[in-house]
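Please examine the structure shown here together with its sequence. A report on selected local features is requested.

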Amino acid sequence: MKTFSKLPSQNENSSLIVCPLCGEHKFKALWSVETSVFVKCPKCKLVYQNPQPLAIDVIDRYDETYFKYEIENEKSFLNLILLGLKDIKFDFNPVSSNHGNILDIGCATGLFLEYMKKNGWNTFGVEVCESAGNYANNIRGLDVFIGTIENAPYKDHFFDVIHLSHVIEHITDITLFLESISRVLKPGGVVYCTTPNISGFQAKLFKGKWRSAIPDHMILFSIKTIKKAFRDRGFYMEKHKTWGGLCANSGYPKLIKTVLDKTSKIFGFGDVVIIKALKPTNYST
Ligand SMILES: [Zn+2]
């Protein structure tokens, strides 16, 4: 499946930044992709875009084209989300999972939330694309805040579960983003976060031509760096799973793809990673 990617417009502004994970100011150029440059932090090994576009310009990219892309692909995306959650043994029963307030950040057209609502969850969404958020609210009857989690009007410690599918790699300020998540999550609540895995096999094979090395991704996490991002903010990393050995259109024989898909899941070098991060009950930062 093709990842949504839009080339930055001429009007966008960007600036040099320090490492978003550890604050280190030195970096080493890694890949040039279109007009974007991915660099690596020598200290924590995070790969991120530098210079980086401003958040306001990044948000502007999620326009009508993005909405159409989401509508066309929503069923495939839902299937992938459900597969990932099943892989990590997500409990779809809201009663046994705690009390059932779930927030989907980057919920797009809301198909996942609609599915969860039918399963008995109290569903809420956050979406920066206005058309997608309106669709979720008006057509699906959901409760989606159009904007960012940093500006969303939720009460502190409200959610039992927060779900992020292919969102965190688009965020410019992950400190503020994770603090906002932590604020609205109950102590004992969990975050399920899916993101491309730069420590996986495909990234090592394709390097700068890797399908996730695109101008829309501000950060390309490895299993280590995504865990560090959550741990540094007081989360406990319960587990992770990876999947995807080769993508369908990679040009390699089907047998190789089948073998790599299976082994990547077993040995953890898949193209995408999902983590389960727990906010401890004695959380205090
Ligand atoms: Zn760093």
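The report below covers a metal site, a pocket, a helix, several loops and the backbone at selected positions.

## Zinc site

The model is predicted. In it, a zinc ion has four cysteine donors: the SG atoms of Cys19, Cys22, Cys41 and Cys44 lie 2.3 Å from the metal. The angles among these 4 donor atoms run from 100 to 115 degrees, and the site is tetrahedral. For reference, the ideal angle for four tetrahedral donors is 109.5 degrees.

Along the chain, the donors of the zinc ion follow the spacing C-x2-C-x18-C-x2-C. Cys22 and Cys44 link distant parts of the chain, being 22 residues apart. Cys22 belongs to the loop between strand S1 (14-15) and strand S2 (28-33), and Cys44 to the loop between strand S3 (36-40) and strand S4 (47-49). Cys44 counts as buried because its relative accessibility of 12% falls under the 20% cut-off. Cys22, with a relative accessible area of 25%, is partly exposed.

## Second largest pocket

The second largest pocket holds about 300 Å³ of space. Its lining comprises 17 residues, of which Lys40, Val47, Ile198, Ser199 and Lys204 are the closest to the centre. Strand S2, helix H6 (201-206) and helix H7 (223-231) each give two or more residues to this lining. By class, the lining has 9 nonpolar, 3 polar and 5 charged residues.

Helix H4 spans residues 130-138, and its buried residues are Ser131, Ala132, Gly133 and Ala136. These buried residues pack against helix H2 (64-87), strand S7 (122-127) and strand S8 (144-146).

Gly141 is located in the loop between H4 and S8. This glycine is partly exposed, at a relative accessible area of 42%. Leaving aside residues up to four places away in sequence, Gly141 touches Lys117 and Ala136; Ala136 is also one of the buried residues of H4. The C-alpha atoms of Gly141 and Gly110 are separated by 9.4 Å, the two residues being 31 apart along the chain.

## His170 and its contacts

His170 lies in the loop between strand S9 (159-165) and helix H5 (174-184). With a relative accessible area of 17%, His170 is buried. Which residues does His170 touch, not counting residues up to four places away in sequence? The contacts are Val58, Tyr62, Asp216, His217 and Met218.

Asn50 and Pro51 are joined by a cis peptide bond, with omega about 0 degrees. Pro51 is placed in the loop between S4 and strand S5 (52-53).

Glu34 has a positive phi of about 55 degrees although it is not a glycine, and Ala108, likewise not a glycine, has a positive phi of about 55 degrees. Is each of these residues buried or exposed? Glu34, in the loop between S2 and S3, is exposed because its relative accessible area of 59% is over the 50% cut-off. Ala108, in the loop between strand S6 (101-105) and helix H3 (111-118), counts as buried at 5% relative accessibility.

Note on methods. Residues are numbered from 1 along each chain as its sequence is written. This is a predicted model: local features need pLDDT of at least 70, side-chain atom pairs count only at pLDDT 80 or more; totals for chains, interfaces and linings use all residues. Side-chain values use heavy atoms; hydrogens and water are left out. Donors are N, O and S atoms within 2.8 Å of the metal (3.2 Å for Na, K and Ca); water is not among the atoms, so sites may look incomplete. Four donors count as tetrahedral if all angles lie between 85 and 135 degrees; four count as square planar and six as octahedral if opposite donors are over 155 degrees apart and all others between 65 and 115; anything else is irregular. Helices (H or I, at least four residues) and strands (E, at least two) are DSSP runs, numbered from the N terminus. Buried means under 20% relative accessible area, exposed over 50%, partly exposed in between (1.4 Å probe, protein chains only). Contact means heavy atoms within 4.5 Å. On a 1 Å grid over the protein atoms alone, a cavity is a set of points where a 1.4 Å probe fits but cannot get out, and a pocket is an open set with protein on both sides within 12 Å along at least five of seven lines; lining residues have an atom within 4 Å of a point. Grid points are joined across faces, edges and corners, and a volume is the space filled by probe spheres set on the points. Ala, Val, Leu, Ile, Met, Phe, Trp, Tyr, Cys and Pro count as nonpolar, Asp, Glu, Lys and Arg as charged, and the others, Gly among them, as polar.
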